[in-house]
Amino acid sequence: MTVVAPAPQGPAVVSTETTAGPRPRPERERRGLRVLRPASAAGLGLVTLWLSLVVLIPLAAVVVTGAQGGWSAFADAVTTPVALSALALSAGLALAVAVVNGVVGTTIAWVLVRDPFRGSRLLDHVIDVPFALPTIVTGVVMIALYGPASPVGVDLVGTRVGLFVTLLFVTLPFTVRTVQPVLEALDRDAEQAAASLGASGPTVFRRVVLPVIVPAIASGASLAFARALGEYGSLVLISSNIPKQTQVASALIYGKLEDATNPVTSTQQAASLAIVLLAVSVLVLVAVELLHRRGARRHG
Amino acid sequence: MSIQVRGLTKRFGSFVALDDVDLTVRSGTLTALLGPSGGGKTTLLRVVAGLEQADAGTVVIDDRDATRVPARRRDVGFVFQHYAPFGHLSVARNVAFGLEIRKRPKAEIAARVDELLHLVHLEAFADRLPSELSGGQRQRMALARALAVEPKVLLLDEPFGALDATVRKELRQWLRRLHDEVHVTTVFVTHDQAEALEVADEIVVVNGGRVEQVGTPDEIYDRPANEFVMRFLGPTTALGGGLVRPHDVEVLGSAEPGAVEAEVGSLRRVGFEARLVAHVPGSGDVDVLGSRSDPALRDLRPGDRVWLRAVGPVVDPSPPVPDAEGSEAAAPGEPVGVAASSRAPVRGGVPA
């Protein structure tokens, strides 16, 4: 096959089409310039008030409480060996759980969407059970299966493995539920186009499917991370709360609040630890939002 | 690079999409698969591309049996109706995709992508994302992407179906010119007879999972094999027991051999056209389409007596002939195309 310069008549096509120029700016960017109508102003006011009462003021209260003793008190509270161990354990477990469920959740979503089998509708509903279950019930379920009276002979009480398994259970639905709709909406033609261009199955997945679903995977994994970072109820039974071993940050915070010997100091310490968890959660959410913006720019 | 299809059958549940289809596409031609929706033409194209597996039959591409070859090894360029862009990649990276898969050197890829973007007039859009292009531009990008790997055959599934009328007309003329430049064996699916007649070297009329007729646009138009082909190519009217096109009916002022007597019902002028409805006793109404300056039509009044005669192809309105190959079989009124060619040797020595 030879490729030669376009025929002289060629530009006829270009004239009507390529002069269209860039598309108008998205709605969102123009909206900022608009003067608010009274109804919109009232709505905005209500939303701000509600967010302030329910979210922003409590968060600010935690920060204020944590900062009461100044920077040194904050630093002291979060750098004790017990605190460092608990924070590291919580963050490490959350990260591991986010990664594992990012992969497993994506796989489950893929199977549900692409290879439905007999009973996959049932599985689709079962996925949500860990999400709907009260956390203390999850704790009881875990003790029943992996406790001293384990029917399978595995006692995970007081071990980090026990914490990990419990968190895997609790955070399973997140990635499945964020990836599933994206996979369902995916343009199958693009995959076939890639195949006809010579791409093998794994290559099609890596180069055509994965780039499109990565933001959804990140979303799900970050939600799983945030949930695992602060998880308390389902862990309280299986962890045995051994400092520097199986004590997670949320349990340490609870312990500080319960400490009656020096209520003012321990409340400040609890708030300091809470600020660290809060900061890590916010960082993760911001990172995912940035990833989403990149994705939105591509697909907008 | 030719395509040979033999005995292709494909069912979706109880629906027969392809029913024992035979087809040969000659190397270097631009062929249209023309037919109504659900007639099997897209399925045929997808089976040739390897995107669909036939239940029976063989596909031979460039003299190699490709029946069991997966799509990615068939060297077939495929263009989808809805463009199927890789939304996360720039226009240039979309075009480069097949070459990157083949691990060609970077410099070679860049040069080839430039060449192709120039060919499809998208040089200025190399760094845009597909979402920033118009429909016509996306389709040209998809075409460049398919051509990049120098496929043996190029298959286009309703390539202009999702575009508005003006862009569609421009693009089909552009496709014709492009094919004249690159000469790759090309098959495109369309349900638009004007598109097929205007662009294709050869037309394959597909209906109900079967090939109704194969021929050049002139052959298909002048010698439709059966009623289906005749009706699919435009309006028809019944005259003397056969189907003719309204503009192929000659209006005569007196009885002549082969002419049918009729009474003028109405005569309307629409722009430069004159539309006559004439009533044939014991048969029904016949539509006649002529030019408003045609002296035979100009002075007619309702109730006038006229004689009507077919001057174009006449097709028997019987069920389609099972053997679509025998296109000459269904021509009781002796179509002009056939008449002209058979007349030539007879009158060869007679000066006009």
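Student: What share of the contacts in chain B with a separation of 6 or more comes from residues 24 or more positions apart?

Tutor: In this predicted model, such residues account for 65% of those contacts. A pair is in contact here when the C-beta atoms lie within 7 Å.

Student: What makes up chain B, and how many of its residues count as buried?

Tutor: Chain B holds 10 helices and 17 strands. Of its 352 residues, 47% count as buried. Its C-alpha trace spans about 75 × 50 × 45 Å along the principal axes.

Student: Into which domains is chain B divided, and how far apart are their centres?

Tutor: Domain 1 covers 3-222 and domain 2 covers 236-310. Taken over C-alpha atoms, the centres of these two domains of chain B are 43 Å apart.

Student: Where does the name "ABC transporter" on chain B come from?

Tutor: That name comes from a UniProt annotation, in an unreviewed entry, for residues 3-233 of chain B. Such an annotation may be inferred rather than shown by experiment. In the model, residues 3-233 of chain B are 37% helix and 26% strand, with end C-alpha atoms 25 Å apart.

Student: Why is strand 9 of chain B described as largely enclosed?

Tutor: A residue is buried if 20 or more other C-beta atoms lie within 10 Å of its own. In strand 9 (residues 202-207) of chain B, 5 of the 6 residues are buried, so the rest of the structure largely encloses this strand.

Student: How do you know that strand 9 of chain B pairs with strand 3 of chain B?

Tutor: Pairing takes at least two bridges. Strand 3 (residues 30-34) and strand 9 of chain B are joined by 4 bridges, so they meet that cut-off, and they run parallel. One of the bridges links B:L33 to B:V204 in strand 9.

Student: What makes strand 9 and strand 10 of chain B a pair, and how many residues lie between them?

Tutor: Here 5 bridges join strand 9 to strand 10 (residues 210-215) of chain B, and the two run antiparallel. B:N207 has B:R210 in strand 10 as its bridge partner. The two strands form a hairpin with 2 residues between them, and B:G208 in the turn has a positive phi of about 55°.

Student: Why is B:D62 called partly exposed, and why is B:D63 called exposed?

Tutor: Exposed means 12 or fewer C-beta neighbours, buried means 20 or more, and partly exposed falls in between. B:D62 has 15 inside 10 Å, so it counts as partly exposed. B:D63 has 9 other C-beta atoms within 10 Å, so it is exposed.

Student: How do you know that helix 3 of chain A is close to its expected span, and where does it bend?

Tutor: Helix 3 (residues 38-66) of chain A has 29 residues and reaches 39 Å from first C-alpha to last, close to the 42 Å expected at 1.5 Å a residue. It bends by about 50° at A:S52. Helix 3 of chain A is hardly covered, with a count of 1 buried residue among its 29.

How values were computed: Residues are numbered from 1 along each chain as its sequence is written. Chains are lettered from A and ligands numbered from 1 in the order in which they are written. This is a predicted model: local features need pLDDT of at least 70, side-chain atom pairs count only at pLDDT 80 or more; totals for chains, interfaces and linings use all residues. Domain bounds come from an automatic or database domain assignment. The expected span of a helix is 1.5 Å times one less than its number of residues. The bend at a residue is the angle between axes fitted to the seven residues ending there and the seven starting there. Two residues are in contact if their C-beta atoms, placed from the backbone, lie within 7 Å.
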